[in-house]
Amino acid sequence: MFYRAVRPLLFALDPETAHGLSLGSLDVLARLGAASLVASAAPRMPVRVMGLDFPNPVGLAAGLDKNGRHIAALGALGFGFLEIGAVTPRQQPGNARPRLFRLREAEALINRLGLNNDGVEVLTENIRHSRYRGILGVNIGKNFDTPNESAADDYVACLRKVYPYASFVTANVSSPNTKDLRALQHARRLDALLTALAAERDSLAKEHGRRVPLAVKIAPDLDDLGIEAIADRVAARGIDAVIATNTTVSREGVEHLPASREHGGISGAPLKALATAVVAKLRRALPASVAIIGVGGIASASDAREKLDAGANLVQLYTALVYRGPGLVGEIVRGLAAQRQAR
């Protein structure tokens, strides 16, 4: 109810400005212990995935809190886990504004942010000072000016920095807004990257006395052969999970909307069916030991159930929070719990 009242005011602002204002407001509410004004408690719905115990299977997708500045506030909304980032070794401003657009009629967003972030040193300091003690994933990438031939160096550098603080780490090879980044999904380059990350993880596990799961986040725009090749490399290199999916460059279903002409990746409702299809294809191609985190177009418990029934072990959301508000988290968890009891 509260969010429904303030949403028109937020939607009167530039999307990126509204994004910052919303997160700042959540921070204030969390500090006052008043998160219940915008989000109700989520019931426990425990699930064990990647060797980790999640209080419920509904997580926050990467991209909303790129620098880990709002971890405690987001953790108070009822999520079973958070994923922050994507972060790169060095600070980078991302693409020029405007770079975030609403497609209101479709409950979608287009973004061409370009992995804007303050760098991995800032992110790790923010994690260290956070009060959040739940499951925290960190999404890592490469700087825009690092050539793909040297990409593994950037990912490994980020892995080293975030390893002591992360519950799991995700290699983002699928943002459409960094030139040539998606080329890292091709079998040979992906194999080299995953080999380097797995080797570094093994070394860090010995150093820190704990093994941090690794995930890779892929695009929804892959063909069947591309999905099968990724599944093969993931299984071969001991990667723990695949996150399916990032945003799509397709405009199918929204071509009639003026904002659809903006360059960038689409998230939200138009992505739902495409992402679910990728989840199903991955589940057929991957061994059961490799987890799948389904993300894309989840705005209800039924949407989340579709991803889980397609083969996902966990789900994530982001764009629906913009349109439905933070109370959506508890609503989805309660709906999933009710569905579980009814089965």
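This is a chat about a predicted model of a protein.

User: I'm new to this one. How many helices and strands are there?

Analyst: The secondary structure comes to 11 helices and 13 strands. Along its principal axes, the C-alpha trace spans about 50 × 40 × 40 Å.

User: And how does the radius of gyration fit with a compact globule?

Analyst: It agrees with one: a compact globule of 343 residues would have a radius of gyration near 20 Å, and the protein has 18 Å.

User: What share of the residues counts as buried?

Analyst: Of the 343 residues, 59% count as buried. As for contacts with a separation of 6 or more, 73% come from residues 24 or more positions apart.

User: Okay, what about the surface and the charges?

Analyst: The accessible surface comes to about 14300 Å², and carbon and sulfur atoms hold 53% of that. There are 42 positive and 33 negative side chains, with the centres of the two sets 4 Å apart.

User: Let's go to the start of the chain. Which residues of helix α1 are buried?

Analyst: Helix α1 covers residues 2-11, and its buried residues are Tyr 3, Leu 10 and Phe 11. They sit on the same side of α1, because they cover an arc of only 80° around the axis.

User: What do the buried ones pack against?

Analyst: The buried residues of α1 pack against α2 (15-31), β5 (100-103) and α10 (319-324).

User: Which residues other than glycine have a positive phi?

Analyst: Leu 115 has phi near 50°, and Asp 180 has phi near 70°. For background, most residues other than glycine have a negative phi.

User: Where are those two, and are they buried or exposed?

Analyst: Leu 115 is in the loop between β6 (108-111) and α4 (120-128), and is buried with a relative accessible area of 5%. Asp 180 is in the loop between β8 (168-172) and α6 (187-208), and counts as partly exposed at 47% relative accessibility.

User: What about cis peptide bonds, where are they?

Analyst: One joins Gly 85 and Ala 86, with omega about 10°; Ala 86 is in strand β4 (residues 81-87). Another runs from Arg 97 to Pro 98, with omega near -5°, and Pro 98 lies in the loop between β4 and β5.

User: Last one: where is Thr 146, and what does it touch?

Analyst: Thr 146 is in the loop between β7 (136-140) and α5 (151-162). This threonine counts as buried, at 9% relative accessibility. Leaving aside neighbours within four places in sequence, Thr 146 is in contact with Arg 90, Ala 151 and Asp 154.

Notes. Residues numbered from 1 in each chain as written. Heavy atoms only, no water. Buried < 20%, exposed > 50% of the residue type's maximum accessible area, 1.4 Å probe, protein only. Helix = DSSP H or I, 4+ residues; strand = E, 2+ residues; numbered from the N terminus. Arc of directions from axis to C-beta. Contact = heavy atoms within 4.5 Å. Rg over C-alpha atoms; globule rule 2.2 N^0.38 Å. Areas by Shrake-Rupley, 256 points an atom, 1.4 Å probe, with all protein chains shown as cover. Lys, Arg positive; Asp, Glu negative; His and termini not counted. Charge placed at Lys NZ, Arg CZ, Asp CG, Glu CD.
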